[in-house]
Amino acid sequence: MRSTLHLLIASLLSAACLTASAQTPAHLTIDTGTIAHPASPGLYGLMTEEINHSYEGGLWAELISNNTFKGTWDGVEGWGDVVKGDAQITQSMDKTDGPSTAIPYSLKLQIASASKGNEAGVRNSGFWGIAVRPNTTYNGSFYAKTDTDLGAATIRLIADNTGDVLASTTVPMHTGAWSQYKYTLATENVPTSSTNHIEFTVAHPGTLHLQLVSLFPPTYDNQPNGNRPDLIEKMQAMHPHFIRLPGGNYLEGDTLADWYNWKQTIGPLVDRPGHQAPWSYWSTDGFGLMEFLKWTEDLHVEPILAVYAGYSLKGQHITPGKDLDPYVQSALDEVEYVTGDTSTKWGAERAKDGHPAPFPLHYIEIGNEDEFDKSGSYPARYEQFAKALRQKYPQYKLIATTPFKVMPADAPDLIDDHYYKSPADMFALVHHYDNAPRTGPKVFVGEWATRSGSPTPNFGDALGDAAWMTSMERNSDIIKIASYAPLLVNVNPGAMQWPTDLIGFNALTSYGSPSYYAQCMFGAHMGDGTPQSEVTGIAPEARFFYSATISSGTHVLHLKLVNATSNAQPLDIALKGLGAGSHSASLISLHGATFEATNSITDPSAITPADSTVPFTGSTLNHTVPALTIEVMDIPLQ
Ligand code: AHR
């Protein structure tokens, strides 16, 4: 009893102390006329890979799942029979007959009986549903082969629950060799929903082979084989400067055979064999290297091109030397495909693929997370790639994926550091780079995230992320580029492999997590110089963080303030160099009631930024950062 009372008094006293100290303003001094070091205006970029159905069933707007009929031990996932009336049909895989050498197999439908009103065929439910919207045109295609006169195929979009036909069309088919057929489906006044499927049926008996079945809704910028507009728009709001592509583990593959062989991901879809991706599902490579590059164009950003460097996730590696040569050549060819003019072999190939103009490039990353290669082969593998890349492309900066015990003679320009942390560990990490050497390779934080929420970060994660961003900004004289990972998650049960991803979506809609909004706020307000600054009156262990950068072109101070405590934090902000008279700062504020508070697919806007203005006079701004709040303040300096 005595000890309980004692504890109670102690906790009341400590709460009183906390409140008292929280109410005492801290002093933040920023000398707006003294730039301590340069900041990296292009700091923020994007990173994801084929994980969590980021592309297949995500960004890539294709609506048909498993559209190349990849079989698993469960059968041909995603596809079922349609049997109307007394029709009869048998489905099987024909492993010897397909529309191309890349896809030499197909779904074989043996229709024993079918007639008008008694149709037979197949159905596909898309990626956890097919989003259907009113007054919308969908463009589709499929490859088929039949030696029987099956008449026309009927294609219908159908509501799962009511059986209502939402759109339908017929496509006459002919007998003979494999052919590609195109179709459109147009809806009228139908409800918006995703509980729908598509059916392909015929009304005559016979045998039909099907392959590469496709259906696209309107895409971003109406690009063929393009992207989901809502996801592109969400990424644009982050103001990114680059996309690190294609991965991540996706670059490496589980085994040597599963490496990201980019040459098999370009050209007509029918010439792409697809490959086993490391995150447990098959990639058709319908979203291949060209689609990655066009994604950078949708966002007006540059690729950071990661080239496969001969290590696979299960621990195998290619021996440096002549065994590695073909992979080095592949990397050289890949850079030529991305950047070469049309007089080069691979630049011409890119033009053939519909993009004569080269893509901009500044950075090439050699491998991914090669610290996991316990054989110790990375230094030699890195050097073999670096030598060839530097010789042919001296203009590009090279990124190594792990620090070296002995720095190679031709040192990398940057090292890629990855951080996945709990909120508490992320708060503890914020001074990691403050005293890091300013000589030697710069830093690419190619993957980072505060992780506790699932499927997307909660507000506590956003606080950790914002604290970490203040740290990266403060150190952006050496941290030149950084990308959160992973970016995307399909939130349907079974779609996710990696909890805590920035943007969640299902077939119909998408939402930004609190961390997403924090990144939008930070990314849109990043300067090119870090002014001299100092804070006093805040204990070093307190969870209060800030960064200040100045845009030299616009003369704006971007001040980021992060209060990860449950007490408001008053600040006297002395802005040395700011003139007398009245000023007006713009303020964006993101607040969550608790660490656990979050957004979700059903409550997408629980936590969103709020805009306001902060008028003040003279060079001192008195401002209180509310508890559990992330703020970005723009202060015009003239
Ligand atoms: O971002 C998810 C994974 O985390 C990446 O594929 C890998 O590089 C890292 O281990």
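Between which strands is the loop that holds asparagine 135?

Modeller: Asparagine 135 is found in the loop between strand S8 (120-124) and strand S9 (137-146). Strands here are DSSP runs of E with at least two residues, helices are runs of H or I with at least four, and both are numbered from the N terminus.

First, the ground rules. This is a predicted model, in which local features need pLDDT of at least 70 and side-chain atom pairs count only at pLDDT 80 or more, while totals for chains, interfaces and linings use all residues. Residues are numbered from 1 along each chain as its sequence is written, and side-chain values use heavy atoms, with hydrogens and water left out.

Now the residue itself. Asparagine 135 is not a glycine, yet its phi is positive, at about 50°. Most residues other than glycine have a negative phi, and most peptide bonds are trans. Asparagine 135 counts as exposed because its relative accessibility is 60%. Buried means under 20% relative accessible area, exposed over 50%, and partly exposed in between, with a 1.4 Å probe and protein chains only.

But leucine 212 lies within strand S14 (residues 206-216). At 7% relative accessibility, leucine 212 counts as buried.

Next, the peptide bonds. Glycine 247 and glycine 248 are joined by a cis bond, with omega about 25°. Glycine 248 sits in the loop between strand S15 (242-245) and helix H3 (249-252). Another cis bond joins serine 454 and proline 455, with omega about 0°. Proline 455 is in the loop between strand S22 (442-450) and helix H9 (459-474).

Move on past H3. Aspartate 258 is found in the loop between H3 and strand S16 (275-276). With 15% relative accessibility, aspartate 258 counts as buried. Leaving aside residues up to four places away in sequence, aspartate 258 touches Glu252, Gly253, His275 and Gln276. A contact means heavy atoms within 4.5 Å.

Aspartate 258 and proline 514 are 256 residues apart along the chain, and their C-alpha atoms are separated by 35 Å. Proline 514 belongs to helix H10, where the buried residues include Pro514, Tyr516, Cys520 and Phe522.

Now step back to the domains. The chain is divided into domain 1 (24-42 + 527-636), domain 2 (56-61 + 236-522) and domain 3 (71-216). Those bounds come from an automatic or database domain assignment. Between domain 1 and domain 3, the C-alpha centres lie 56 Å apart.

Finally, the whole chain. Its secondary structure comes to 10 helices and 34 strands. The C-alpha trace spans about 85 × 60 × 55 Å along its principal axes. A compact globule of 638 residues would have a radius of gyration near 26 Å, and the chain has 28 Å, which agrees. That radius is taken over C-alpha atoms, and the globule rule is 2.2 Å times the number of residues to the power 0.38. Of the 638 residues, 57% count as buried. Among contacts between residues at least 6 apart in sequence, 76% join residues at least 24 apart.
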